[in-house]
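Open the model in your viewer and keep the selection panel at hand. The stops below say what to select and what is there.

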Amino acid sequence: NSIAQALSGSFAVPPRITPTSEEGTEFASLYTDIETYVQECNVKFIMGQMSLDDYDSYRDTLTQMGIDRCIELRQAALDRYNARS
């Protein structure tokens, strides 16, 4: 059951995954702006200043900002971690 797995932490990212220096630099340069945007939009969604009808546009903006690349960078680090285990 995926809920039980999530609660048990089996879906959690291991704490010791380490990106290469290049990955870390690229991730930081992309994710800083993404994190700010997400925080601002979360508040707007909660306060009703942004409609949930705007969610597709929100998701598209995250894609344009490079969220898929951030996921790729984290996945590469996780793959290396898993290969060590």
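Select helix H4 and colour its buried residues: Ile67, Cys70, Leu73 and Ala77. Buried means under 20% relative accessible area, exposed over 50%, and partly exposed in between, with a 1.4 Å probe and protein chains only. The four lie on the same side of H4, because they cover an arc of only 130° around the axis; the arc is that of the directions from the helix axis to the C-beta atoms. The buried residues of H4 pack against H2 and H3.

This is a predicted model, in which local features need pLDDT of at least 70 and side-chain atom pairs count only at pLDDT 80 or more, while totals for chains, interfaces and linings use all residues. Residues are numbered from 1 along each chain as its sequence is written, and side-chain values use heavy atoms, with hydrogens and water left out.

Stay on H4 and check its length. Helix H4 (residues 67-84) has 18 residues and should span 26 Å at 1.5 Å a residue; its end C-alpha atoms are 26 Å apart, so the two agree. The expected span is 1.5 Å times one less than the number of residues.

Next, zoom out to the whole protein chain. It has four helices and zero strands, in the order α-α-α-α along the sequence. Helices (H or I, at least four residues) and strands (E, at least two) are DSSP runs, numbered from the N terminus. Of the 85 residues, 19% count as buried. Contact means heavy atoms within 4.5 Å; among contacts with a separation of 6 or more, 75% are between residues 24 or more positions apart.

Colour by pLDDT, the predictor's confidence in each residue, from 0 to 100. The mean for the protein chain is 89, and 82% of its residues reach 70 or more.

Which residues make up the largest nonpolar core? Select Phe27, Ile34, Tyr37, Cys41, Phe45, Met50, Tyr58, Leu62, Ile67, Cys70 and Leu73, 11 residues. A nonpolar core is a set of buried Ala, Val, Leu, Ile, Met, Phe, Trp, Tyr and Cys residues joined through side-chain atoms within 4.5 Å. H2, H3 and H4 each give two or more residues to this core, and H2 has the largest share, five residues.

Leaving aside neighbours within four places in sequence, Leu73 is in contact with Glu23, Glu26 and Phe27.

Move to Glu23, in helix H2 (residues 21-47). Is Glu23 buried or exposed? Glu23 counts as buried because its relative accessible area is 12%. Beyond four places in sequence, Glu23 touches Leu73, Ala76 and Arg80.

Glu26 is also found in helix H2. At 28% relative accessibility, Glu26 is partly exposed. Outside its sequence neighbours up to four places away, Glu26 touches Arg69 and Leu73. Draw a distance between the C-alpha atoms of Glu26 and Leu73: they are 47 residues apart along the chain and separated by 8.4 Å.

Finish at Ala77, in helix H4, buried at 3% relative accessibility. Not counting residues up to four places away in sequence, Ala77 touches Ile17, Thr18 and Pro19. The C-alpha atoms of Ala77 and Thr20, 57 residues apart along the chain, are separated by 7.7 Å.
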